[in-house]
Amino acid sequence: MKKDLKIVFMGTPDFAVTTLKTILEHNYNVVGVITAPDRPAGRGRKLNESAVKVFAKSKDLTILQPTNLKSETFLEQLKALNADLQIIVAFRMLPKVVWAMPKHGTFNLHASLLPNYRGAAPINWAIINGETKTGVSTFFIDEKIDTGEMILQQELDINPNENAGSLHDKLMHIGSSLVIETIKLIETGEVKTTPQPEDAISKTAYKLNKDNCKIDFTDTIDNIYNKIRGLSPYPAAWCKLHNNDDQLDIKIYKAEKQIESHNLNIGTIISDKSTLKVAVKEGFINILDIKLPGKRNMDIKSLLNGYQFDQQAKML
């Protein structure tokens, strides 16, 4: 039956590639791939293809890159693929005319335990908020964002020292397996759904921006530590460094927390030849990997070989 079930896959980043690859490895018939248009990137503004497009080209799959999901041209092309099922992984919000098209509907893989962390950055916010568990969910698309009827979920523990990059990779792999389980339920007619509770008090995975990625050193040591690992390696937590005449926006990729009593002002920097730490309420944040403007990301020892911190230096 696998060849009889015609699938259209929609996705853009690396997270989606693993699922598409797994679907093909299970011999499902992917009749088309929908992904984002090529975007100019870098200093040369060269057009950059999405990770999904690069992989789909390597497998000679039919690729569509609509700028407008409601355009007649795209809708005609999509309808011509005659899909029985559409699968969405890290794409964008679909109009009803698109998600209602296939006879078996359209389902989405989301990297959280819904209804918690609906939205754009569920992996980051689970760590930022200090969660100890997260997971992946599949659900049928409806008119709103991440609110459709649930199909399957799988839970995963979050390591206390895990960052967003390592958690992303774990969820990417268990998510691809959950998609296969979901397809099997749909193709055998055994799929059962559960409505998401409308009155649930849920946490939101807000879109990341410069404001909500800034470190507040007056916050608790746990919240600061969680923000750094929850935003690493991308887009990275940042703060202002005041050092002599320098006022720099710096990014911090890796740190440790040190619980210790002190009488220093919040944000005070203490450094020697191999360590750099920032005073916070309950102790210190020991910075391990850092990036100054125009420089590469480097470990703290490498930075301290060529950059000096004044005794009055602060991070704010």
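Among contacts in the protein chain (heavy atoms within 4.5 Å) between residues at least 6 apart in sequence, 65% join residues at least 24 apart. The model is a predicted one, in which local features need pLDDT of at least 70 and side-chain atom pairs count only at pLDDT 80 or more, while totals for chains, interfaces and linings use all residues. Residues are numbered from 1 along each chain as its sequence is written, and side-chain values use heavy atoms, with hydrogens and water left out.

**The whole chain**

Display the protein chain as a cartoon: eight helices and 18 strands are present. Helices (H or I, at least four residues) and strands (E, at least two) are DSSP runs, numbered from the N terminus. Along the principal axes, the C-alpha atoms fill a box of roughly 70 × 45 × 30 Å. Of the 316 residues in the chain, 47% are buried. Buried means under 20% relative accessible area, exposed over 50%, and partly exposed in between (1.4 Å probe, protein chains only).

**First stop: helix H1 and its two partners**

Two packed helices are described by the angle between their axes and the distance between the axes. Axes are lines fitted to C-alpha atoms, for helices over the stretch in contact, and angles run from 0 to 180 degrees between N-to-C directions.

Select H1 (residues 14-25) together with H6 (residues 164-187). These helices pack at an angle of about 40 degrees, and their axes are 9 Å apart. The crossing of H1 past H6 is right-handed, a term used if the near helix is turned clockwise from the far one by less than a right angle, with left-handed for anticlockwise. On the H1 side, show Asp 14, Phe 15, Thr 18, Thr 19, Thr 22 and Ile 23; on the H6 side, the contact is made by His 168, Leu 171, Met 172, His 173, Ser 176, Val 179, Ile 180 and Ile 183. The residues of this contact divide into seven nonpolar, six polar and one charged. Here Ala, Val, Leu, Ile, Met, Phe, Trp, Tyr, Cys and Pro count as nonpolar, Asp, Glu, Lys and Arg as charged, and the others, Gly among them, as polar.

Asp 14, Ala 16, Val 17, Leu 20, Lys 21 and Leu 24 of H1 meet Ala 51, Val 52 and Phe 55 of H2. This contact comprises seven nonpolar, no polar and two charged residues.

Select residues 221-230, helix H7, where eight of the ten residues are buried. The buried ones are Ile 221, Ile 224, Tyr 225, Asn 226, Lys 227, Ile 228, Arg 229 and Gly 230. They pack against helices H5 (122-128) and H6, and against strands E12 (237-243), E13 (246-259), E15 (276-280) and E16 (283-291).

Continue into the loop between H7 and E12, which holds Pro 233 and Pro 235. The peptide bond from Ser 232 to Pro 233 is cis, with omega near 10 degrees. A cis peptide bond also joins Tyr 234 and Pro 235, with omega about 0 degrees.

Most residues other than glycine have a negative phi, and most peptide bonds are trans. Asn 27, in the loop between H1 and strand E2 (29-34), has a positive phi of about 65 degrees. Ala 90 lies in the loop between strand E6 (85-89) and helix H4 (96-99); its phi is positive, about 55 degrees, and Ala 90 is partly exposed, with a relative accessible area of 34%.

Select Lys 133 and Thr 134 in strand E9 (residues 133-140). Lys 133 is partly exposed at 39% relative accessible area, whereas Thr 134 is buried at 4%. Leaving aside neighbours within four places in sequence, Lys 133 is in contact with Glu 155, Leu 156, Asp 157 and Ile 158. With the same exclusion, the contacts of Thr 134 include Ala 111, Leu 113, Ala 126, Leu 167 and Leu 171.
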